[in-house]
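Okay, thanks for coming, everyone. I've got one structure to walk through today, so let me put it up.

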Amino acid sequence: MPFPGGLWWLLCCRQGFTLLRRDYGDADREADGEAEEEEEASFELRAQGDQGSLEVNLSQPTRSNSGSERSLLVAEEMRSLIVEKGPGPVDDDPDALVKGWLQREVRGGVKTPWIRPRKYWFVLTPDSLDYYSSNEKGARRLGSLVLTSLCSVLWPDKQTYKETGYWSVTVFGRKHCYRLYTEHLNEAVHWVCAVQKVIDSKAPVQTPTQLLMRDVEEHCGSPEVLEQIYRCNPILRYTSSPLYAPLLPFPYGSLDQSAPSPRSYTTLRDEAVKLFNSLQQLESERDPVPLMQGVLQTCLDLPPLVDEIYCQLVKQTTEPPAPGGQSDLHYWQLLTCMSCTFLPSPPVLRFLRFHLDRTESRFPASEMAKYACFIREALGKTKGRECVPSLEEILVLMRRQEMICTVHCPGAPACSVAISSHTTAEEVARELVSRLGLSQSPNLFALYEQSRRREQPVGNATLLADVLTSLAGEEQDPPCRLCFKHYGFLDTDNVPRDSLEFALLFEQAHEMVLRGFVPTSEETLQTLAALRLQSLNSDFSTHAPFPRLEELFPPCVLHARLPPPRHRPPPKCRGARLRAGLLAGGLWGQALAKQRAERDQRLRGRLREEGASTMAAILEKWKLLQGMGRPEAMAAYVALVREWPGFGSTLFDVNLRVSALGAVPQRLWLGIGAKAVSLYKPGEPEPLDSFCYGRISSFGASDSSTFRLSVEDQDLLFETSQVDEIAQLLNTYLTSAGAQRPPRPHEPVATSPPAPPGPPQGLCPTPVSRPHRPPVGSLHS
């Protein structure tokens, strides 16, 4: 039986009033409960200037229904920061800094004109942000947010205004977050500035852990007092219970997610509690390495959590239930990895050193004491890492051992070097220079990251553990590797032919040839390939191992023989483009794809034919070298390459900006040598221009992709992705030659400081300080 129309109207009105009461009527009851909860919960923080007794007597916080059961058992901390206010007139409050009508929430997410949003009367005082039901005398206070130095406020968001029609003001407190809205931007800005001024006026707060750390430091010479502090304050000792608040103070509010990160995080306080749960999982993990790496990665992404993790690890390694057990050693192993990766702040570092001394004195000759000794030594060397330790490095650190690094030397066997988490590329280069007998060489050497596509020198101050971690993360075939080779040539004429350095010089010259950085005729390139075969296999033999053609002859020369692909000009009119698009998507498109595949197959066949003819010519020249020994073949090879005037320079692909308007940048080779900087047209043996260092007044980076070279009164701008590498090499040659160049007063990007005393021979000087990042690619001759 259908309902009458009047009954339908009554039911709809009742449902509407129910929704309105749920949205607005229940807000008063929620606000009352919120205020009572805020008043009942005492702060676990106190102002820095407060003075308390020595015996803090803190207990581990546990979950319960009443917030007062988790309050601190300290007289000073029992005081609530919320000031009780009577039912006096709101407008006559002498402590009010700012007051006015604001909306607490905007229901529905969009502005609804048929429902008038309810407003509250907000009053900002030097201690809190309160809101009332009205501005009349005797109005009831609905809520209060205590303001401390850890509170934060967000500025009005334009995106929120577009979605809701209101400007938002978000205030983050200890337990609550107030999202306030107003229709006027100037009013929102006024409230934000006023709240931020109150927050800035508050004294820094300290957690009980910080207070106890200070007490421990003050009474470190009194064993009786220290034992009393540890006995009366369980917060300093191991616990199997979860942690519901961080040990150190963190600002309230969400994190800034604008920085790129592969992981998403919540607030710092929540992440600190999650990390403690992860630490407790270490006790029962059979393979704790992945979990340790995850904790380290979180600390790398969120640096403020480093001190927190140190404090949590110190807490969990203090008076554990089974000292020296497997679960306890997992904490010490993670503490070892932390000490080799991050350096804590000075207060936490002093507390950590005291903990290490206390552990060694209480458990001498134990595994814990050995870890404590290792950690103390590591803290004296750690300066910060760019990457978290790899799984292999974590395994080595858990055993307190060193890693074995393999460095490849062209023309010589690979060298194995023992390194630690603090070993720099300069230390390894010095060891290799000494081990290979290159200490008396006038030339410079360095470590390189090398792959088939790129090559980049490793800065002297770069930690080799970070380099190995980044190389392990790159999946290439063949994999990237570390290589030791020449960095700069100061004298190539007086290198003994029977020395290891000449073998390095020969291999580096061959790399130049293969990458097309030696402009010469094809006849000479074939002769060089034959000399390479003679140095590898001695006389011609059909049974000798034969390398691939791309390992003997530059592939770019073979590709240059092929006809260039024909590019049809795009249709100009819109109708022609539409018809071309329709044809490309139908049968005609399939025919075009088939034609392209056939053309590519013909080009590959042509390339194989060209390779076969080139290989035959190389073999004929190899047969003519019958009886030539390996040293003679290497010497002849280097002599042919040295005929190019640019031999000994490091070449960079650059685009020279032409001063004429509308002109296309010209592609050039920028050659940086020991005596001059030269410009080459690719493939041309003679330089277009050459500038000795006496003519260069300044150089530097105009931006991340533009290098500026000032020659007398002329500025040359080069577009390149290797700005840092160019500046680094120029500084190296200037330092080695002891050159001084006067910088221009108006040049803000000059990077040529006065040359310090000459560096040790055989080593690459310290390069320009820059972050370690994968390069685009360069060839260093």
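Let's start with a question: in what kind of crossing does H8 pass H10? It's left-handed. Keep in mind that what you're looking at is a predicted model.

So, the geometry of that pair. Helix H8 is residues 305-316 and helix H10 is residues 346-362, and they pack at an angle of about 20° with their axes 10 Å apart. Anything under 35 degrees counts as roughly parallel, so H8 and H10 are roughly parallel to each other. On the H8 side you've got Asp307, Tyr310, Cys311 and Val314, and they meet Val348, Phe351, Leu352 and His355 in H10. Sort that contact of H8 with H10 by class and you get six nonpolar, one polar and one charged residues.

Now H8 against H9, which is residues 326-339: here the angle is about 150°, and the axes are 10 Å apart. Over 145 is roughly antiparallel, so that's what H8 and H9 are to each other. The crossing of H8 past H9 is left-handed. From H8, Val306, Ile309, Tyr310, Leu313 and Gln316 meet a set in H9 that includes Tyr331, Leu334 and Met338. That contact of H8 with H9 comes out as eight nonpolar, two polar and one charged.

Leaving out residues up to four places away in sequence, Met338 touches Leu296, Cys299, Val306, Ile309, Tyr310 and Leu313.

Note on methods
Residues numbered from 1 in each chain as written. Predicted model: local features only at pLDDT ≥ 70, side-chain atom pairs only at ≥ 80, totals over all residues. Heavy atoms only, no water. Contact = heavy atoms within 4.5 Å. Axes fitted to C-alpha atoms, helices over the stretch in contact; angles between N-to-C directions. Helix = DSSP H or I, 4+ residues; strand = E, 2+ residues; numbered from the N terminus. Parallel < 35°, antiparallel > 145°, perpendicular 65-115°, else oblique. Left-handed = near helix turned anticlockwise from the far one by under 90°. Nonpolar A, V, L, I, M, F, W, Y, C, P; charged D, E, K, R; others polar.
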